[in-house]
Amino acid sequence: MDIRHDASVHEPATTPHSHIPHGPWPEDSLARVPYWVYQDPDNYTLEQRRIFEGATWNFVCLETDIPEKGDYRTNQVGGMPVIVVRAADGSINCFENRCAHRGALIAFDDGGNVQNNFKCIYHAWSYDLAGNLRGIAFEHGVNGAGGMPKDFKRETHSPRKLRTTSLCGLVFATLSDDTPPIEEYLGTEITGRVRRVLNRPIRIMGRFTQPLPNNWKLYVENVKDTYHASLLHLFFATFRITRLTQAGGVLVSPDGGHHASYTIGSEDAPGAAAFREKDLRSERDDYKLADPSMLDPVDEFGDRIQLQMLTIFPCTVLQQVHNCLAVRQVVPKGTGSMELRWTYFGFADDTAEMNKRRLKQQNLVGPAGLVSMEDGCVGGFVQRGIAEAGDKVSVVEMGGDTAESQATRATESAVRGFWQAYRRHMNY
Ligand code: FES
Ligand SMILES: [Fe+2]
């Protein structure tokens with residue numbers, strides 16, 4: 001494995017902020033991660049080139065977001081703003097949200113409908129639904145004076161275009177010609193786990209954006225970290241949504257980049273004694289919900305899996321916590337900050353009762369969620385803890401030092417899988 005930075009892409013650091021002693025990967029092991037990888041601005045720039053503009057599929061919207069011709073959403077692929085839009089023939093286009101004139105955003109709302117054309121607000125250049133530059137205001141000047149040069153070729157000026165693909169209503173985009181078809185990219189097992197949840201038309205219930213004070217990779221690792229769930233999240237363990245001692249496991253795709261972890265429900269809440277014996281703060285048998293209907297789950301997928309967390313490299317999360325379903329998108333915002341974009345959904349055929357159940361269970365997640373508020377701050381704790389430790393490493397060795405599927409969640413296998421994929425894309 002080539003662990004050097006590529007000088008052709010990555011110029012030596014000279015700015016005052018790039019003093020972090022980054023360098024080659026410290027050990028050729030998936031179980032050690034250097035802290036500079038969360039801090040180094042040059043590394044951040046290289047991630048944009050090699051991961052987000054590389055051979056990866058990046059979530060851009062749900063098909064239900066843009067049902068009609070001209071319906072669009074704006075989003076980001078890494079740091080690059082994009083527009084994703086439904087074309088007249090029903091296909092979905094995605095292109096950079098950057099005007100070919102002076103670089104302004106072409107669309108600045110979260111979404112909407114444009115019928116046939118996007119028009120840049122700055123000088124009114126217009127683009128069709130495929131991102132082709134179609135119109136230039138006063139192209140021939142005024143009264144024979146001014147205007148664009150006669151040999152100016154509109155067709156050679158347009159924002160970058162991305163390829164799109166869909167899987168079960170999730171829309172992904174890529175800039176690279178080398179990105180394999182989505183099912184091949186994910187592998188059979190992870191594709192099956194996407195299909196398990198997204199098994200029929202969905203209905204969007206709401207969305208919001210949560211700013212987090214940490215590098216984007218710390219959040220992706222957190223979702224893949226099956227070890228922390230019942231230790232950090234008191235609510236999970238206390239109300240028996242997931243515990244390490246319950247049956248379950250983690251599936252890691254062959255290339256390491258994607259994962260699905262799952263907890264199988266059981267009536268007898270096994271393992272309570274194990275938590276008590278170890279004096280873990282996660283076990284409180286005396287706590288009860290004043291209104292237990294807040295949870296009141298039903299086994300809607302018929303397989304007793306009450307929790308499934310799934311990631312698609314690099315930045316997509318598909319969540320099933322009981323009947324609370326969501327897509328989360330991780331959006332990098334510099335080395336030490338990110339946004340988490342949540343879209344909650346149910347199914348188009350949900351009954352009123354099921355809708356109410358989902359709404360109640362949505363109290364579990366989100367910035368103030370009874371479970372996930374801890375994930376909102378623990379990444380910041382790491383970012384702060386490693387402030388002056390760029391040359392030190394973390395220890396990611398629960399469950400060994402490889403990245404294969406395991407029939408336990410007392411493992412960091414999926415986190416190591418992330419680093420396996422990351423290092424391959426980054427050529428580290
Ligand atoms: S920047 Fe878009 S038209 Fe000028
Ligand atoms: Fe968590």
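Guide: Before we look at any feature, note how the elements are named: helices (H or I, at least four residues) and strands (E, at least two) are DSSP runs, numbered from the N terminus. This is a predicted model, in which local features need pLDDT of at least 70 and side-chain atom pairs count only at pLDDT 80 or more, while totals for chains, interfaces and linings use all residues. Residues are numbered from 1 along each chain as its sequence is written, chains are lettered from A and ligands numbered from 1 in the order in which they are written, and side-chain values use heavy atoms, with hydrogens and water left out.

Visitor: How many helices and strands does the chain have?

Guide: The chain contains 10 helices and 19 strands.

Visitor: What radius of gyration does the chain have, and what would a compact globule have?

Guide: The radius of gyration is taken over C-alpha atoms, and the globule rule is 2.2 Å times the number of residues to the power 0.38. For 428 residues the rule gives a value near 22 Å, and the chain has 23 Å, which agrees with a compact globule. Along the principal axes, the C-alpha atoms fill a box of roughly 85 × 55 × 35 Å.

Visitor: What percentage of the residues of the chain count as buried?

Guide: Buried means under 20% relative accessible area, exposed over 50%, and partly exposed in between, using a 1.4 Å probe and protein chains only. By that reading, 54% of the 428 residues of the chain count as buried.

Visitor: How many residues of strand 15 are buried, and with which strands does strand 15 pair?

Guide: Two strands pair if DSSP finds at least two bridges between them. Strand 15 (residues 305-312) is mostly covered, with 8 of its 8 residues buried. Strand 14 (residues 259-264) pairs with strand 15 in the antiparallel sense over 6 bridges, and there L307 is the bridge partner of T263. Strand 15 also pairs with strand 16 (residues 316-321), again antiparallel and over 6 bridges, where M309 has Q319 as its bridge partner. A hairpin of 3 residues joins strand 15 to strand 16.

Visitor: Which residues lie on the two sides of strand 11?

Guide: In a regular strand the side chains alternate between the two faces of the sheet. In strand 11 (residues 170-174), 5 of the 5 residues are buried, with L170, F172 and T174 on one side and V171 and A173 on the other. Strand 2 (residues 58-62) pairs with strand 11 in the antiparallel sense over 4 bridges, and L62 has L170 as its bridge partner. Strand 10 (residues 161-167) also runs antiparallel to strand 11, joined to it by 5 bridges, and T165 stands opposite F172.

Visitor: Where does the backbone take a positive phi or a cis peptide bond?

Guide: Most residues other than glycine have a negative phi, and most peptide bonds are trans. C168 is not a glycine, yet its phi is positive, about 50°; C168 belongs to the hairpin of strand 10 and strand 11, which has 2 residues between the strands. With 26% relative accessibility, C168 counts as partly exposed. N427 also has a positive phi, near 60°, and is found in the segment after helix 10 (413-426). Its relative accessible area is 33%, so N427 is partly exposed. The cis peptide bond joins F313 and P314, with omega about 5°, and P314 is found in the loop between strand 15 and strand 16.
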